Amino acid sequence: MKSKYKTMRDFIDIEGMNVFESAEYFQNFITQFEDKKLYPYGFVSDSAIGKNMTVVDFYSKSVTQTISFVTNNYLGMTQNQEVQNAAKKAIDSFGTGTCAAPPIGGYMESHKILEEKLAKLHDKEKAILFASGYTANIGVFQNLFNKLDLVLVDMFVHASIYDGLKNNTNIKIYKHNDMSYLELVLQREYKKHRNMAIVIDGVFSQDGDLANLPDICMLAKKYQAMVCVDDAHGVGVFGQNGKGTLDHFGVADKVDLVTGTFSKSMGTTGGYVAGSEKLIEYMRHYSRSNTFSASLSPASVAAASKAIDVFTANPQYINKLWENTHYLKKRLIDCGFDIGISESPITPLMIRNDEKTLFIARKLLERGIYVVPAIYPAVKLNDSRFRVNVTAQHEIEDLDFFCKTLLNLDNEYNLKLRK
Ligand SMILES: Cc1ncc(COP(=O)(O)O)c(C=O)c1O
């Protein structure tokens with residue numbers, strides 16, 4: 001793949017090109033993959049989302065049955081019978097959508113009940129729903145903070161946090177989990193702003209490691225900063241009964257706002273923010289991505305609500321997730337693969353070469369394994385990897401099959417993946 005176009009970044013803000021010209025020029029990015037058929041983004045899933053997925057090839061349109069590691073369906077709730085039944089019942093009773101924003105008829109009893117359940121899950125007074133985890137973060141960061149504030153952001157937080165903060169606020173991005181630097185900035189900026197806030201992911205979505213929440217909360221208290229945690233990958237995975245990373249670290253009472261999504265452990269779509277009663281009521285009026293967007297469909301609300309009931313009452317789902325996670329990590333390490341610094345079911349298989357990563361993705365798919373490559377700009381340059389997502393649905397044979405196929409590829413193509 002020898003090309004002057006290296007990454008998607010090469011196609012942003014090209015001087016002298018209007019939108020149409022830029023779009024036309026961008027075709028070069030897609031066509032550069034043609035020779036080796038390595039374009040990674042165009043596959044279509046033609047089955048339910050679970051550990052077995054049917055994938056339609058972007059180039060040949062051929063259909064492959066795969067063992068999938070691409071989704072964050074950690075507990076398999078997309079295919080849980082109780083969750084599916086709850087969603088079906090909600091459609092029968094309340095129809096397929098609300099077709100209205102929350103303040104103008106779109107707020108149903110089921111939304112209210114789910115908000116209460118989420119507040120309880122996070123040991124907070126109140127919660128508010130959003131159409132997705134992405135828009136929940138937009139709703140917090142676009143509307144609560146502005147130029148009078150300083151928001152300190154770990155460099156590896158999710159894109160939705162950056163997008164929420166874009167252009168509107170003073171932000172200081174600090175090196176990943178670097179507590180000394182964070183303290184330095186807090187000290188320097190102390191009392192110079194209306195608010196200071198520290199924003200982190202509970203579980204970082206590319207490396208799978210955790211935020212140092214105890215130290216962050218301690219520093220926040222010392223320098224009077226708010227703490228906001230996006231716990232998208234923590235809920236249903238960490239803490240007692242899946243309460244998330246705040247519970248795991250025992251810091252729920254020290255975190256001001258926690259944001260989350262239903263698109264991972266809860267097996268559907270939607271997002272939320274939990275916090276104090278006053279903050280949440282304030283957001284109900286001033287978070288534009290809540291106020292001006294149609295509320296969640298009855299089926300999504302019912303599915304998320306039932307998923308929480310299921311995983312909090314039945315520890316076997318979370319136990320199986322962790323059993324699989326430990327098994328896969330140990331096998332990959334024993335084989336000599338580099339799996340980075342993950343502490344969660346997100347298992348990065350480090351390749352550190354974009355073309356090699358895309359090649360392996362292709363070969364794995366041909367052999368019935370679906371795993372998505374993460375290349376720049378999703379990760380830092382030369383930090384490409386596979387984000388192997390283990391779920392409770394996988395069986396030990398699936399994990400063995402993955403490791404064996406990887407070993408075979410490494411040997412056959414002399415990929416030098418092992419240390
Ligand atoms: C850390 C984090 N926050 C937010 C989101 C967005 O969630 P949603 O898919 O509900 O928009 C994601 C999804 O990938 C995520 O990983």
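## Ground rules

Two strands count as paired if DSSP finds at least two bridges between them. Helices (H or I, at least four residues) and strands (E, at least two) are DSSP runs, numbered from the N terminus. This is a predicted model, where local features need pLDDT of at least 70 and side-chain atom pairs count only at pLDDT 80 or more, while totals for chains, interfaces and linings use all residues. Residues are numbered from 1 along each chain as its sequence is written, and side-chain values use heavy atoms, with hydrogens and water left out.

Let's start with the pair β8 and β9. Strand β8 (residues 226–230) runs parallel to strand β9 (residues 257–261), with 3 bridges between them. Across this pairing, C228 faces L257 of β9.

Both strands belong to an open sheet of 7 strands with mixed pairing, ordered β4-β10-β9-β8-β7-β5-β6. Its edges are β4 (126–130) and β6 (170–174); each has a single partner strand, so one side of each has no neighbour in the sheet. On average, neighbouring strands here are turned by 20° against each other, direction ignored. Angles like the helix ones below run from 0 to 180 degrees between N-to-C directions, using lines fitted to C-alpha atoms, for helices over the stretch in contact.

Helix α3 (residues 109–121) covers β4 and β10 (271–275), at about 125° to β4. Helix α9 (residues 277–286) lies across β4, β8, β9 and β10, at about 25° to β4.

## The three-stranded sheet

Another open sheet has 3 strands, in the order β11-β14-β13, with antiparallel pairing. Here β11 (346–350) and β13 (373–374) are the edge strands, each with a single partner, so one side of each is left without a neighbour in the sheet. Strand β14 (residues 385–389) is joined to β11 by 5 bridges, and R387 in β14 is the bridge partner of P348. Helix α13 (residues 354–366) packs on this sheet, touching β13 and β14, and makes about 40° with the direction of β14.

## Around the ligand

There are 14 residues around the ligand, and G133, D230, H233, T261 and K264 come nearest; a residue counts as near if one of its heavy atoms lies within 4 Å. The shell splits into 2 nonpolar, 9 polar and 3 charged residues, with Ala, Val, Leu, Ile, Met, Phe, Trp, Tyr, Cys and Pro taken as nonpolar, Asp, Glu, Lys and Arg as charged, and the others, Gly among them, as polar.

Now for the oxygen atoms of the ligand. An N or O atom in the side chain of H233 sits 2.6 Å from a ligand oxygen, and a polar side-chain atom of K264 is 2.9 Å from one. For H158, the distance from a polar side-chain atom to a ligand oxygen is 3.5 Å. Taken alone, the ligand exposes 390 Å², and the protein buries 83% of that (Shrake-Rupley accessible areas, 1.4 Å probe).

Definitions and conventions
A polar contact is a pair of N or O atoms within 3.5 Å; within protein, one must be able to donate a hydrogen and the other to accept it, and residues adjacent in sequence count only if both atoms are side-chain atoms. Contact means heavy atoms within 4.5 Å.
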